[in-house]
Amino acid sequence: MFEKVLIANRGEIALRIHRACREMGIHTVAVHSTADADAMHVRLADESVCIGPPPAKDSYLNIPAILTAAAITGADAIHPGIGFMSENANFAEMVEQHGFTFIGPTPEHIRIMGDKVTAKQTVKAHGLPTVPGSDGALKDLDDAKKNAADIGYPVLIKAAAGGGGKGMKVARDAAGLEEAYTLARGEARAAFGNDEVYMEKYLEKPRHIEVQLLGDTHGNAVHFGERDCSIQRRHQKVIEEAPSPGLNADERVQIGELAAKVIRKIGYRGVGTIEFLYEQGKFYFIEMNTRLQIEHTITEMVTGIDLVREQIRVAAGLPLSYTQKDITFSGHAIECRINAENPETFAPSPGKIVGYHPPGGLDVRVDSALYDGYRVPPHYDSMIAKLVVHGTNRNECLLRLRRALEEFVIGGIDTTLPLHRRLIAEPDFINGDYDIHWLEHYLEKK
Ligand code: MV4
């Protein structure tokens, strides 16, 4: 096992990784920008290294600075966390070239799944259902027209280098196709420096359901069930829950086993998530994320398994600690992502925390790097806390979540806590009756 891990991240996820390391007897190295000198992840780590000025491109994305920090502290491995370097295949490659272990998948797997066209081809070849669409990238507008006629409108043009909704345009009919195709390519070129696009049938009202997976270097792979992440705004998840209120037990096992089989066949190492759209009883693969996810917490709450510990173990070459039948599901979990933002306008609200009281009690977990007197810097993601609640069933979970949201105090700045209190009181949410557009429609009405 590793003796020392460098955590190339900040905030709550850096703490989450530090905690797993500490329980495994692994020493930790924090890296931080000058804006984060007083951050909790720096305080808790055994050692810390300042890697640059506040802008992420000069610090948390600064590859030479991160590798140098690992070298001077004598770290064995680098955990990239979430965001930042976590899905950068070149970084994973450089980490290994410099003699450190990358706590994540191989650069090859990151690359395959980073390109949405090769990702779709790969999982389709291994038996996953995909959205009807073009066979690979579109050659030109003529090719787009031919494909759209075959698929049937509405269609969606997507960037191969995409994800997060950039370079994605709907064409409702033949008259709208040229504009959608041109806009999607332009956006893709501007955002990713790559204007390759492909086409899919546009699904109007799907749920976003993703399966948590784990593979080792000994040919084993398991799934940890699914999460429903449909409650989102502008491609940012707001509330996630496990299990999905939209699935039955048979569907859960079927899609889990199908997804696990794919990662077993490709020899995937580490944690990963396969995302599906789910509509009218059918699953359609959309993307695979080759990293830990923010919402891994709800899966931990319903399985009792420490996913970060498992991720570190498989990176060190150890076999999985669990076979599929050891993984059992208990009750229900919901996560609310709390952002430093105005709950109505969503304007960022950095600043000093004055008064901090997190909720507690049975089955209540708060993952956050906040403390009273902490200054939320303006340079990074606005998510400042995750409230994660478990119950023996969905109703108990909802009652506990309401209680925990009432208790939670974060003073001095605006947060989205009031929004969460409203959302979980909405009949549609209580009934589990929502799709990927529900939150944006709800916010328009208000
Ligand atoms: C789709 C879709 C409808 N039909 N694909 C959005 C970003 C990327 N992850 C895939 N996305 C979508 N792909 C087809 N064929 C609708 C979306 C989509 C979406 C997906 C998941 C969660 C939130 C979403 C919000 C808007 C659109």
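Reader: Which residue in S8 is the bridge partner of Ile157?

Author: Strands of a sheet pair through backbone hydrogen bonds, either parallel or antiparallel. In this predicted model, Ile157 has Met199 as its bridge partner in S8.

Reader: How many bridges join S6 to S8, and do they run parallel or antiparallel?

Author: S6 and S8 are joined by 5 bridges. The two strands run antiparallel.

Reader: What is the strand order of the sheet they belong to?

Author: The order is S7-S6-S8. It is an open sheet of 3 strands, and the pairing is antiparallel. An edge strand pairs on one side only; here the edges are strand S7 (169-171) and S8. On average, neighbouring strands of this sheet are turned by 30 degrees against each other, direction ignored.

Reader: Which helix packs on that sheet, and which strands does it touch?

Author: Helix H7, residues 141-151, packs there. H7 touches S6 and S8. Its direction makes about 15 degrees with that of S8.

Reader: What lies in the loop between H7 and S6?

Author: Pro154 lies in that loop. Check omega there. The peptide bond from Tyr153 to Pro154 is cis, with omega near 0 degrees.

Reader: Now the ligand. How many residues surround it, and which are the closest?

Author: Start with the shell, then go to atoms. The shell holds 16 residues. The closest are Lys158, Glu200, Lys201, Leu203 and Glu287. By class, the shell residues divide into 8 nonpolar, 4 polar and 4 charged.

Reader: How much of the ligand's accessible area does the protein cover?

Author: Compare the ligand on its own with the ligand in place. On its own, the ligand has 520 Å² of accessible area, and the protein covers 92% of that.

Reader: Which elements give two or more residues to the shell?

Author: They are strand S6 (155-159), strand S8 (197-201) and strand S13 (282-289). S6 and S8 are the pair we began with, joined by 5 bridges.

Reader: Next, the sheet that contains S1. What is its order, and is the pairing parallel or antiparallel?

Author: The order is S3-S2-S1-S4-S5. These 5 strands form an open sheet with parallel pairing. Strand S3 (47-52) and strand S5 (101-102) are the edges, each pairing on one side only. Inside the sheet, 4 bridges join strand S1 (residues 4-7) to strand S2 (residues 27-33). Leu6 stands opposite Val29 in S2.

Reader: Which strands does helix H3 lie across?

Author: H3, residues 63-73, lies across S1, S2, S3 and S4. H3 runs at about 155 degrees to S3.

Key: Residues numbered from 1 in each chain as written. Predicted model: local features only at pLDDT ≥ 70, side-chain atom pairs only at ≥ 80, totals over all residues. Heavy atoms only, no water. Near = heavy atom within 4 Å. Areas by Shrake-Rupley, 256 points an atom, 1.4 Å probe, with all protein chains shown as cover. Nonpolar A, V, L, I, M, F, W, Y, C, P; charged D, E, K, R; others polar. Pairing = 2+ DSSP bridges. Axes fitted to C-alpha atoms, helices over the stretch in contact; angles between N-to-C directions. Contact = heavy atoms within 4.5 Å.
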